[in-house]
Amino acid sequence: MGMIIRKHNHYPAKDVKNYYTMIFNESLSYPRPMLTILQISALTDNYIYLLHDPESKETAVIDPPVAKPVLNLLNEQNWSLKYILNTHHHWDHIGGNDELKRANRCQIAASRYDQTRIPEVDIALDEGDVIQLGDQQLNVFETPGHTLGHIVFYAKESQALFCGDTLFGMGCGRLFEGSAEQMWHSLLRIKLLPAETHIYCAHEYTENNGRFALTLEPQNSRLHQRMSQIRQQRVAGLSTIPSTLADELATNPFLRTDCTELQTQLGLQNASEIEVFAKIRQLKDKF
Ligand SMILES: [Zn+2]
């Protein structure tokens, strides 16, 4: 789309704790600056996101499994947190909440469903709620499937979706609590967003997911192209996230349940898309 410039800091792959990616906007076509989005690697393959509104200086963090790298980066940028946003209750998305809350006196916002599973939630979120960072809006969508309380945050003006463990690069989250039908509907919701939306998921699983995708669609040339790019990025120790929704629509089997080649490959030409989805999920669980 040419409006967003991605700057990757070339840290060695093993130095993941200090690795982050800065994405900013140089376009004049927006009435005000978009959110500044910083990506922090944590644990083995988690991504934490810092969202900062340059006008109001308000900042939020999404899904911190640990506090330290977030505190370091906040300190370096001279920002302080207004919100901790959690997409769901798994420990690798909330482990840093307590320490960050104590250090910043910020508020924790999570889905109403997870209010009893995430300690010290200050704001219980429902479908359609909006979190404000200055004038920037983050819309809350409920996307049950991976867990029943899973939510995602959509920043329309910044063309960014923070989707936790619902959608991954070429994959989707496992069905720990929800049904295949719920997850398929959650993904359908995401599919209907603008194709240029940047997909900020919570894990670096893209390469493995892509290997699985190739077993289902060996003739998909976009998939082959993306995989060779992904392999180069991983060899260089770079993040493959964010992708765009357009990338995912072209290569992510979980968003392609309507694709004839894929249905044929699975012997499910006459099945419903939910059945196709359930089969892909089942195969991926064993991949
Ligand atoms: Zn999870």
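Predicted model: local features only at pLDDT ≥ 70, side-chain atom pairs only at ≥ 80, totals over all residues.
1. Directly after α3 comes Arg 105, which has a positive phi, near 50 degrees.

2. The chain as a whole. The secondary structure comprises nine helices and 16 strands. The chain has 287 residues, of which 47% count as buried. Among contacts with a separation of 6 or more, 56% are between residues 24 or more positions apart.

3. The nonpolar core. The largest nonpolar core contains 68 residues, and within this core Tyr 49 and Phe 153 touch the most other members. Which residues does Tyr 49 touch, leaving aside those up to four places away in sequence? They are Ile 37, Leu 38, Gln 39, Ile 62, Phe 162 and Tyr 200.

4. The six-stranded sheet. An open sheet is formed by six strands in the order β9-β10-β11-β12-β15-β16, with mixed pairing. At the edges stand β9 (130-133) and β16 (243-244); each has a single partner strand, so one side of each is left without a neighbour in the sheet. As a general point, strands of a sheet pair through backbone hydrogen bonds, either parallel or antiparallel.

5. The pairing of β9 with β10 (residues 136-142) is antiparallel and runs over four bridges. Within this pair, Gln 132 stands opposite Gln 137 of β10. Two residues separate the strands of this hairpin, and Gly 134 in the turn has a positive phi of about 60 degrees.

6. Leu 43 is not a glycine, yet its phi is positive, at about 50 degrees. Leu 43 is placed in the loop between β3 (36-42) and β4 (46-52). Lys 57, also not a glycine, has a positive phi of about 70 degrees, and this residue lies in the loop between β4 and β5. How is the exposure of these two residues classified? Leu 43 counts as partly exposed because it has 14 C-beta neighbours inside 10 Å. Lys 57 likewise has 14 C-beta neighbours inside 10 Å, and therefore counts as partly exposed. The reasoning rests on the cut-offs: a residue is buried with 20 or more such neighbours and exposed with 12 or fewer.

7. A cis peptide bond. The bond from Ile 241 to Pro 242 is cis, and its omega is near 10 degrees. Pro 242 is found in the loop between α6 (221-235) and β16. The strand β16 is one of the edge strands described in point 4.

Technical notes
Residues numbered from 1 in each chain as written. Core = buried A, V, L, I, M, F, W, Y, C linked by C-beta atoms within 7 Å. Contact = placed C-beta atoms within 7 Å. Pairing = 2+ DSSP bridges.
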